[in-house]
Amino acid sequence: MKLRRQETMLNIAKEETPEGTKFTMSQNKIDPEKYVDFVRQTTSQPSLDWPTLSKRLTELEVKDDCNVTQLMTAAFGLTAEAGEFAEVVKKMFLQGKPYTEENVFHMKREMGDIMWYMAQACMALDTDFNEILSMNVEKLSARYPEGTFDVQYSENRKEGDV
């Protein structure tokens, strides 16, 4: 039996109401212009405007004592390096790349880069690996009270379990 992919399109309608802009969706064709308008309307102001972002970053740095530059370095770097690690795995699993010593070495190198950015995150948050690992053990021990993975607990988390 051959299954054909069913095309599902969404139509996004914009309506101005006394409460503000309201978007409604229905299945049909997507109007790209309306979608771009929808994206613009659902994007935070700092994401759209440099002066607003600059003000927010300064506020975080000065008022809240957030290490913005190091936290940003960590967040962007962790994402990028995790993507590079995943790229090697994807190519092995889905594209026939062999599981060789060279590819294992490549993944280990990417893990090293991930750890470097983890250290940046720890410095930005004024913590260390031991505290992060302890918090993780505490979180997972609370999530899995029997001490082993359970799909039920994984899918149905208690409030506050992040």
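Glu110 touches Glu81, Glu84 and Phe85 once its neighbours within four places in sequence are set aside, with contact meaning heavy atoms within 4.5 Å. Before going further, note that this is a predicted model, in which local features need pLDDT of at least 70, side-chain atom pairs count only at pLDDT 80 or more, and totals for chains, interfaces and linings use all residues. Residues are numbered from 1 along each chain as its sequence is written, and side-chain values use heavy atoms, leaving out hydrogens and water.

Let's stay with Glu110, which sits in helix H5 (residues 101-124). Glu110 is buried, a word that stands for under 20% relative accessible area with a 1.4 Å probe, protein chains only. Even so, Glu110 has no salt bridge, and Arg109, the nearest side chain of opposite charge, is 7.4 Å away. A salt bridge would need a side-chain nitrogen of Lys or Arg within 4 Å of a carboxyl oxygen of Asp or Glu.

Now to the cysteines. Searching the whole structure turns up zero disulfides, a disulfide being a pair of cysteine sulfur atoms within 2.5 Å. For Cys66, the closest cysteine sulfur is in Cys122, 15 Å away, so the two are too far apart for a bond. Cys66 counts as buried because its relative accessibility is 18%, and Cys122 does so at 6%.

Terms used: Buried < 20%, exposed > 50% of the residue type's maximum accessible area, 1.4 Å probe, protein only. Helix = DSSP H or I, 4+ residues; strand = E, 2+ residues; numbered from the N terminus. Lys, Arg positive; Asp, Glu negative; His and termini not counted.
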